[in-house]
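I opened my notebook today to look up salt bridges. Here is what I went through, one entry at a time.

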Amino acid sequence: MADEILLTQQGYDDIVKEHEYLVTVRRAEVSEHLKEAKSYGDLSENAEYDAAKDEQANLEERIARLEYMMRNARVVSEDELTGEHVNLGLTVKIRDIDTKEKYTYTIVGITDADPFEGKISNESPVGKALLGKRKGEKVEVVMPDNKIAIYQIMEITK
């Protein structure tokens, strides 16, 4: 599947939960906002109506994105998380070969990424380079500024 989106079970469950909330609760709220804004009269000069239409468009865009992610998701199973190689849901300690600095990252799906908490996406440059590698291997990562960083994998844990 070319557009496959790797997710942990928790990440997939979060997407399903958000989708359900948006479809069952938020759609009704936005519909009510639209109805109320229409009641103000002339739609050509009705800022409330324009705001409600924008809110509806943003909501529908988010729902469509979540549906796309659910259709194309592949949940990484516990059986795949042996710790022999880097995979979603595992924590990796790496060392920069040049600076000797050490970093610890948990590889997560794109929906769970939070670099400030040490959670990097499997689609980020570092995450993508680490996937499938084993302890001791070195990986080259082309950074956004086109510099190349070389990391060595020190440890892989659950």
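My entries on the salt bridges follow.

**Entry 1: the count.** I kept in mind that this is a predicted model. I looked up the salt bridges and found that the structure holds eight.

**Entry 2: Glu18 and Arg62.** I picked this pair, whose side chains meet in a salt bridge with an N to O distance of 2.9 Å. Where do the two residues lie? I found Glu18 in helix α1 (residues 9–38) and Arg62 in helix α2 (residues 47–72), so the pair ties together parts that are 44 residues apart in sequence. I also checked accessibility: Glu18 is partly exposed at 28% relative accessible area, and Arg62 is partly exposed at 34%.

Entry 3: I noted Glu29 as partly exposed, with a relative accessible area of 31%.

**Entry 4: Glu84 and Arg134.** I ended with a pair whose side chains form a salt bridge at 3.7 Å, N to O. Glu84 sits in the loop between β2 (73–75) and β3 (91–96), and Arg134 in the loop between α3 (125–130) and β6 (138–142), so this pair ties together parts that are 50 residues apart in sequence. Are they buried or partly exposed? I read 49% relative accessible area for Glu84, which is partly exposed, and 42% for Arg134, which also counts as partly exposed.

Notes: Residues are numbered from 1 along each chain as its sequence is written. This is a predicted model: local features need pLDDT of at least 70, side-chain atom pairs count only at pLDDT 80 or more; totals for chains, interfaces and linings use all residues. Side-chain values use heavy atoms; hydrogens and water are left out. A salt bridge is a side-chain nitrogen of Lys or Arg within 4 Å of a carboxyl oxygen of Asp or Glu. Helices (H or I, at least four residues) and strands (E, at least two) are DSSP runs, numbered from the N terminus. Buried means under 20% relative accessible area, exposed over 50%, partly exposed in between (1.4 Å probe, protein chains only).
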